[in-house]
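Trainee: I have a new model open. Where do I begin reading?
Mentor: Begin with the whole chain, then go to the parts.

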Amino acid sequence: METLRRVRAERKLLGQGGRVGRARINWIAYLLVAPGFLIWMLFNIYPMLRGLVMAFQDYRFLYPETINPLHSFNGIDNFVEMFHDRMFGTSLIVSLKFTAMYLPLSIILPVVVASMVAQVRSERFASFLRVVIYLPAILPIAAAMLVWNKLFDPHFGYLNVLIGSIIGRKVNILWLGPDLALPSLVIASLWKGFGYNTLLFLIGIYGINQELYDAAAVDGCTGIKSWWYITIPLLKPIFTLILVLNAGILGVTEQAMILTNGGPGDRTLTTGLYLWRVAFLYGDMRMGYAAAVGLSLGIVSMVLSAIIFKLMRTERA
Amino acid sequence: MATKTASWQWTHTKMLLSRNLGRWAMNLFLIVVAIISLLPIVWVFVSSLKLRQELYQATPSLIVRHPSLENYRFIFKELPEIPLMFKNAVLLCGIVVVGKLVLSTFMAYPLARMDFPGRDAIFLTVVLSMFIPRAGGLMATYELLDFLHLRNSIPGLAFYWCGHLVTPLFIMRQTFLGIPREVEESAYIDGANTLQLILKIAVPMSTTGMVVVALNEFVFHWGEYLTAYTMIDDSSKYPIGVGIALVRGWGTTFTSQLTATYGAECAGYFACIAPVIIVFVLLQKWFIRGLSEGILKF
C-alpha cells in the first residue's frame, strides 16, 4: 500500500499522472497556470498583434471612427509615406549614428573591464568593483539622465571643471551643443548601460573552468593570449545574449527624451522619439503611422542583428 | 656558472616586476572605472547639500563648505507633488511586486512540478516571446488600457505590469526545480493536496527566488519611465521615476532666498535615486544572483 501511494505521489509530482495512470487531465494545473497565462496574453500577445494590424491602418487615436481596421485599412500607404517623410529620414540617420557609436562600445568596454575584474586577487576589491560598476544600471533612468544633463552644463556642470583640472587649463565645451549632443547622449547611455553588460560578462568569465587555463598554460599560452583564445571564444553565448538584448537599441527613446529632448534642433531626434511624438504628441495622435515606423524599425534592427550574427559566426569558424 | 645564475635571477625579477606592473596598471584602470561610475552620483549628492551662495560660485567643486539639508526640506515641504509622487511609486512597486510574485508562483509551480498536456509549450511560448520585437506595442497598449479604463491610474498601470511575467516566472520555476522532490512526495503521501503542497512546502522553501524577484521588480519599476509617462496624464499621478523630470521645468517658477533651483533639483534627483541605492548596497548579492539565475539561464 505504501509503495502504491508512493508511486502515485511520484507520478503526480514527476509528471506521469495524466498519461501512464488513468487518462485523467490534471485540471488543477491548468487552473493554477490560467490567471498568469491569461493576463500575460492580454498584455503581451494582444498588443503585439494589434500593433502589427495598426501599421496598415490610417489610425488616428483622436478620431475614434478610425479604430476599426476594416474601415481605416490603407494598405502600405504608411510605409510609402515614410519614404517622403524627411523627419523620419533624419531621425533614422540619428538612430543609426547612435547605434554605431553605442553598440560596439557597450560590448567592448564591458568585456575588457569584466576580464580585468576577474583578475583582481583581493576578493574585497572585486566585490567593491562589482557593486560600484553595477550601480548606475539600476538607477531610475530619468534621474540618471537628468544628473548627466546637469553634469554637461557648460557653466555649472562638473564635467568641464574636471577636464579642466586634468589638462590644467580652463575648457568650455558645449556638451549639449549641436556638434556634441549625440556623442554626449552616447556617453550618458553608456554610463547607464555599461554595468549590466559588464556583470553579464563577469558571470560568464567566473563560469569558465579554470582547468582550461591551466592546460593552456602548459602549452605556453598565458596572459593576453589565453584571454584571446580561451576567454573570448567561451564568452560567445554572452555576446549573443547582449546582442539580442540590445536589438532594440535602434529605437532608443528614453535617453534622448530626457537628456536632450531631441535637441538642439533635431540633432538627437532618434526614430524612437520621433515615433513617440507622432503617436502621442503631434496633432491627431497618428498611431497607425507610428506603428508602421515602429515595424520598419524592428525589421531594420532584425536585419542588422542578422548581419552581425553572420559576421561573428564566420569570424569564429 | 655564477654569471648564469645571476642572469637567470635578473630575468626572473624582471618577469615578476613586469607582471606586477601589469597588475598595478590594471588595478589603477579599474579604480578609474569605479570613479567614473560613482562620480555623477557623488556629485549630485554634494550639490544637493549646497545653498545658493555656494552653488553659483565661479567653479563647481566636489567640496561642500556649508552643508545644509535646506534643499531637501524645500522639495518635500514646498513642492506638494513630490511626496505624492513618492507615494505613487511605492504604491506602483508594491502592487507590481506582490502581483507578480503571486501570479508567477502559482504559474511556475505546475510548470516545474506537474504534468499536463501543453506544459512545455506554454513555458516556451512565454519565454521566447521575450525575443520578439514589439513594434507598435506601446500604441496598442495605450489603446487597450484606454479601452479597459486602466489608463491614467496607478493601479491600472500596475495591473498592466503584472502581465509581464517572463523573468519572475523563469526564476520561480528554476527555484521550484531546485527543491528536492522527496520533500513534496512525503507531504503528498501524508495527504497534502496541491494547494497545500504549494503554500506549505514549495513557497517556504523558495524564499530565495522570491527575494530575487521582488528586488529586481522593485528596482525596475521604481525607475521605469517610458510606459508610465505615456500612460499617465496627470502629473499628480506620476510615480517619482517619471515625475522627477518635472522638477527641472518647475525650476523657473520657484525661487527662495536660501535655495537655488539647481540645488533643489539635485536634491530631488538624489532623493529619487537614494531608495534604489540603499536597497542595492544592502542586498547586492541578490541582484547578482538574479542576473545569473534569470537572464543567463535562458
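This is a predicted model: local features need pLDDT of at least 70, side-chain atom pairs count only at pLDDT 80 or more; totals for chains, interfaces and linings use all residues.

Trainee: What does the radius of gyration say about chain A?
Mentor: It is 26 Å, while the globule rule gives 20 Å for 317 residues, so chain A is more spread out than a compact globule. The C-alpha trace spans about 85 × 70 × 40 Å along its principal axes.

Trainee: How many of the residues in chain A are buried?
Mentor: Of its 317 residues, 39% are buried. In helix 8, residues 158–167, the buried ones include A:Tyr158, A:Leu159 and A:Asn160. After helix 8 comes A:Gly168, with a positive phi near 85°.

Trainee: How do I describe two packed helices?
Mentor: Give the angle between their axes and the distance between the axes. Take helix 6 (residues 123–138) and helix 9 (residues 181–206) of chain A: their axes come within 6 Å and cross at roughly 130°. The two helices are therefore oblique to each other. The crossing is left-handed.

Trainee: Which residues make the contact?
Mentor: On helix 6 of chain A, they include A:Arg130, A:Ile133 and A:Tyr134. On helix 9 of chain A, A:Trp191, A:Lys192 and A:Phe194 are among them. By class, the contact has ten nonpolar, three polar and two charged residues.

Terms used: Residues are numbered from 1 along each chain as its sequence is written. Chains are lettered from A and ligands numbered from 1 in the order in which they are written. The radius of gyration is taken over C-alpha atoms; the globule rule is 2.2 Å times the number of residues to the power 0.38. A residue is buried if 20 or more other C-beta atoms lie within 10 Å of its own, exposed if 12 or fewer, and partly exposed in between; C-beta atoms are placed from the backbone. Helices (H or I, at least four residues) and strands (E, at least two) are DSSP runs, numbered from the N terminus. Axes are lines fitted to C-alpha atoms, for helices over the stretch in contact, and angles run from 0 to 180 degrees between N-to-C directions. Angles under 35 degrees count as roughly parallel, over 145 as roughly antiparallel, 65 to 115 as roughly perpendicular and the rest as oblique. A crossing is left-handed if the near helix is turned anticlockwise from the far one by less than a right angle, and right-handed if clockwise. Two residues are in contact if their C-beta atoms, placed from the backbone, lie within 7 Å. Ala, Val, Leu, Ile, Met, Phe, Trp, Tyr, Cys and Pro count as nonpolar, Asp, Glu, Lys and Arg as charged, and the others, Gly among them, as polar.
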